[in-house]
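Dear colleague,

I am handing over the structure below, together with a short account of what was found in it. Please read the account with the structure open beside it.

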Amino acid sequence: LFLGPCEFVKGVVAMEGLPPADRLEFCMAGRSNVGKSSLINALTGRKALARTSNTPGRTQEINFFALADTHYMVDLPGYGFAKAPVAVVAKWQALLKNYLAGRQTLRRVFLLIDSRHGAKEVDEEIMSVLDRAAVPFHTVMTKIDKPRPADLEASLERTRQIIAKHPTAYPEIILTSSDKGDGVETLRAIIAGLN
Ligand code: GDP
């Protein structure tokens, strides 16, 4: 499945900057360093479309990409970076909550979780925001080529127990590796099926 051309549209720092809600939208979210840029690049087949930036205190932008003129793919800033100043974190959380709760065209969130670590408290906070906003989300394990099978199974089990508490979560966890290509077609099929 081919998603078609993917173009950067804009980076948004405040609600006023959001592009018109005129097409289907889905979001990629996750902690800093979870492998979000790599997965976005694997999905869209483009190198360096999404840049990694773990610089604390850097302006946290919500990046909009147009996919095939029919969808926006929205790259949310990586969260959980311990060294970001409190004021920056608070501003970003407010923007995130307002965006998630108020965006009519937002159909799905892909919440990325590092398969070596499983869901953390900060991931659970995002899940609660999604529950309140009633935005359905998929849990996506990243870097599954990295952990040993027993460790992967353990972090999967922990994560299953956590998502079971969240009514807007899809129960199946999607296993991905940007390096090996696992799960990429599954994600594309979900995206293609959004309506
Ligand atoms: P981001 O901060 O969430 O955008 O994370 P990046 O995509 O920049 O990835 C963070 C680090 O994890 C980089 O060193 C990547 O090379 C590595 N990484 C990302 N995806 C994978 C994967 O599927 N397998 C492995 N082994 N490493 C990965």
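The crossing of helices α2 and α3 is right-handed; a crossing counts as right-handed if the near helix is turned clockwise from the far one by less than a right angle, and left-handed if anticlockwise. This is a predicted model, in which local features need pLDDT of at least 70 and side-chain atom pairs count only at pLDDT 80 or more, while totals for chains, interfaces and linings use all residues. Residues are numbered from 1 along each chain as its sequence is written. Helices (H or I, at least four residues) and strands (E, at least two) are DSSP runs, numbered from the N terminus.

Helix α2 covers residues 86-102 and α3 residues 121-133; they pack at about 35°, with their axes 8 Å apart. Axes are lines fitted to C-alpha atoms, for helices over the stretch in contact, and angles run from 0 to 180 degrees between N-to-C directions. On the α2 side, L96, K97, L100 and A101 meet V129, L130 and A133 of α3, a contact meaning C-beta atoms, placed from the backbone, within 7 Å. Of these residues, six are nonpolar, none is polar and one is charged. Here Ala, Val, Leu, Ile, Met, Phe, Trp, Tyr, Cys and Pro count as nonpolar, Asp, Glu, Lys and Arg as charged, and the others, Gly among them, as polar.

The sheet is open and mixed, with seven strands in the order β1-β3-β4-β2-β5-β6-β7; strands pair if DSSP finds at least two bridges between them. Both β1 (6-12) and β7 (169-175) stand at the edges with a single partner strand each, so one side of each has no neighbour in the sheet. Strands β5 (residues 106-114) and β6 (residues 137-142) run parallel and are joined by six bridges, and V109 has F137 as its bridge partner in β6. Helix α4 (residues 149-163) also packs on the sheet, where it touches β5, β6 and β7.

The largest nonpolar core has 40 residues, and C27, M28, A29, V109, F110, L111 and L112 have the most contacts inside it. Such a core is a set of buried Ala, Val, Leu, Ile, Met, Phe, Trp, Tyr and Cys residues joined through C-beta atoms within 7 Å. A residue is buried if 20 or more other C-beta atoms lie within 10 Å of its own, exposed if 12 or fewer, and partly exposed in between. Strand β5 gives the largest share of this core, six residues.

G102, in helix α2, counts as exposed because it has 12 C-beta neighbours inside 10 Å.

Yours sincerely

Methods
Contact = placed C-beta atoms within 7 Å.
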